[in-house]
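Colleague: I have a model open and would like to read it with you. Can we go through it piece by piece?

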Amino acid sequence: MSLTFRPCVLIPCYNHGAMMTSVLSRLGSCGLPCLIVDDGSDEPTRLELERLAAEHPQVTLIRLPQNAGKGTAVIRGLQASARAGFTHAVQVDADGQHAIEDIPQLLALAERHPEALISGQPIYDDSIPRSRLYGRWVTHVWVWIETLSLQLKDSMCGFRVYPVAPTLKLAEHATLGKRMDFDTEVMVRLYWQGNDSYFVPTRVTYPHDGLSHFDALKDNVRISLMHTRLFFGMLPRIPSLLMRRRREHWAEQQEVKGLWGMRLMLRVWQLFGRRAFSLLLWPVIGVYWLTARPARQASQQWLARVADELKTQQRPLPPRFNSFFHFMRFGYSMLDKVAGWRGELKMNRDVVFAPGAPEALNVDAPQGKLLLASHLGDVEACRALAQIEGSKTINALVFSDNAQRFKQIMQEMAPQAGLNLMPVTDIGPDTAIALKEKLDRGEWVAIVGDRIAVNPQRGGEWRVVWSAFLGKPAPFPQGPFILASILRCPVVLIFALRQQDKLHIHCESFADPLLLPRGERQQALQHAIDRYAQRLEHYALMSPLDWFNFFDFWHLPDAKEKE
């Protein structure tokens with residue numbers, strides 16, 4: 001579990017004192033701190049909770065002076081969780097109907113999707129009253145209407161993991177139901193706020209002698225009024241809900257259309273030079289910036305994180321620090337790629353080495369190297385320079401299914417750009433053997449270490465290692481680092497950043513070789529990726545507009561079984 005992921009258990013309790021001993025006993029195996037919010041219970045429950053709090057040091061008891069409803073108790077518990085430094089709270093009902101052994105599954109999903117609400121998706125046995133079952137389906141249908149989506153599979157399950165900060169942010173700006181209407185309303189409004197929900201199938205049993213607080217008349221009226229509020233709240237949100245899409249894998253993102261437009265722009269550059277091209281780039285990027293909503297949101301998310309980090313470090317923001325100029329930088333990098341392959345970028349005039357970079361690259365050494373790059377800056381321009389000047393052959397692993405139109409343009413404008421490209425969809429034994437042969441000939445191999453593979457492994461899981469990046473855990477691919485250890489060659493980090501109107505090449509030795517001992521493989525892999533993430537963050541803060549990952553970098557793509 002990462003250092004930035006701190007969960008606790010939250011139990012709102014109203015007159016369920018008799019069940020709490022059993023609930024706490026079952027929670028013992030989780031080893032989590034537990035907050036119990038006594039929602040104005042009667043005297044026997046008050047005394048029982050006091051006794052349990054005294055016996056269990058991990059339990060914190062919070063008292064409400066009078067019964068205020070489950071919603072109020074949960075929000076009060078989340079506020080206490082935030083003050084105690086917890087990032088997530090597992091809500092468990094006090095009547096013992098939930099399968100507490102499923103908590104590790106819920107937490108694993110919450111750690112991968114820290115901004116999302118993780119909920120149980122009930123699997124009922126015959127103990128559930130028929131009327132309750134039918135009533136849940138009525139609510140499901142209403143929720144699907146209120147979200148214009150089928151993503152929220154069950155909004156009424158009280159067994160869930162709340163992301164503390166987003167939920168409290170919602171509670172500050174929205175009036176939430178305080179009783180039986182709370183669970184559904186908070187899930188719908190979190191969805192409106194931009195926080196997804198994921199579901200884990202879990203067994204739910206209604207205890208034979210259980211105590212239910214559901215008032216058939218009052219609570220049905222409350223739930224009806226809640227759906228009325230949500231329906232009318234949905235109406236002005238129709239455009240944004242219809243445009244809302246689930247996060248896409250970077251390789252699944254659609255390329256911007258307009259092949260002839262790209263050709264026209266590059267022809268302008270050929271005929272009239274870079275200045276004329278730059279003038280034309282403004283309206284083109286402007287249209288893209290206005291229409292490419294997911295990319296624009298990812299850019300804004302990135303810039304906000306960078307701003308927070310720079311503020312923490314008391315460093316100034318770069319000039320023109322906004323998403324439009326972030327897009328503009330990306331447009332200029334496209335030009336640099338073509339210019340590099342056409343021989344129009346010159347060393348020391350357009351491209352310079354940062355201090356220490358020539359020594360780290362050591363071009364004269366006969367041994368092959370693995371260049372561990374990223375989508376920070378324009379390393380492709382370096383590959384062009386190296387091969388045009390005949391100093392080194394650099395082989396680049398690329399994912400062939402992505403950016404087909406741009407590749408077509410590159411082939412038309414600079415056919416030599418296709419040299420030494422190795423299209424792959426995943427890194428397997430055949431790829432490793434082919435790369436080893438090239439390294440043995442003294443060639444260099446470039447691979448990026450910041451994007452996960454195109455396809456998940458069998459079972460739908462992603463082979464990633466989570467590592468802290470700008471204050472939050474982010475998924476990094478295992479493949480490039482395992483490949484580096486197999487190839488047993490020097491590994492060099494390389495970043496090409498645009499600074500002071502020139503491309504600055506930063507290089508540093510990363511490992512020689514990268515070792516992943518069999519008995520300590522996972523720890524060594526985690527250590528290597530943590531170091532890579534730290535260096536990537538270091539260089540990203542030097543030139544944040546050179547960040548070309550226009551997707552939510554801190555989340556995994558949505559797997560079908562979780563949608």
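**The sheet and its helices**

Modeller: This model is predicted. Start with an open sheet of seven strands, in the order β3-β2-β1-β4-β6-β5-β7 and with mixed pairing.

Colleague: Which strands stand at the edges of the sheet?

Modeller: Look for strands with a single partner. One side of such a strand is left without a neighbour in the sheet. The edge strands are therefore β3 (59-64) and β7 (197-204).

Colleague: What does the twist average from one strand to the next?

Modeller: Stay with the seven-strand sheet. From one strand to the next, the twist averages 25°.

Colleague: What angle does the direction of helix α6 make with that of β6?

Modeller: Helix α6 covers residues 164-173 and packs on the sheet. It touches β4 and β6. With the direction of β6, the direction of α6 makes about 75°.

Colleague: Are α11 and α12 roughly parallel or roughly perpendicular to each other?

Modeller: The axes of α11 (residues 274-291) and α12 (residues 293-312) come within 6 Å. They cross at roughly 90°. Angles from 65 to 115 degrees count as roughly perpendicular. So α11 and α12 are roughly perpendicular.

Colleague: Which ring does the charged end of Arg296 sit over?

Modeller: Arg296 is in α12, among the residues that meet Tyr288, Trp289, Leu290 and Thr291 in α11. The charged end lies 5.7 Å from the ring centre. The ring belongs to Trp289.

**Aromatic rings**

Colleague: How many aromatic pairs does the structure hold?

Modeller: Ring pairs link residues into a cluster, including Trp302, Tyr532 and Trp554. For the whole structure, the number of aromatic pairs is 25.

Colleague: What kind of pair do Phe469 and Phe476 form?

Modeller: Both Phe469 and Phe476 are buried. Their rings are 6.1 Å apart, centre to centre, with 80° between the planes. Planes over 60 degrees apart count as edge-to-face. So, by that cut-off, the Phe469 and Phe476 pair is edge-to-face.

Colleague: How far is the charged end of Arg531 from the centre of the ring of Phe510?

Modeller: The charged end of Arg531 sits over that ring. From the centre of the Phe510 ring, the distance is 4.1 Å.

Technical notes: Residues numbered from 1 in each chain as written. Predicted model: local features only at pLDDT ≥ 70, side-chain atom pairs only at ≥ 80, totals over all residues. Heavy atoms only, no water. Phe/Tyr/Trp six-rings, centres within 6.5 Å; stacked < 30°, edge-to-face > 60°. Buried < 20%, exposed > 50% of the residue type's maximum accessible area, 1.4 Å probe, protein only. Lys NZ or Arg CZ within 6 Å of the ring centre and 35° of its normal. Pairing = 2+ DSSP bridges. Helix = DSSP H or I, 4+ residues; strand = E, 2+ residues; numbered from the N terminus. Axes fitted to C-alpha atoms, helices over the stretch in contact; angles between N-to-C directions. Contact = heavy atoms within 4.5 Å. Parallel < 35°, antiparallel > 145°, perpendicular 65-115°, else oblique.
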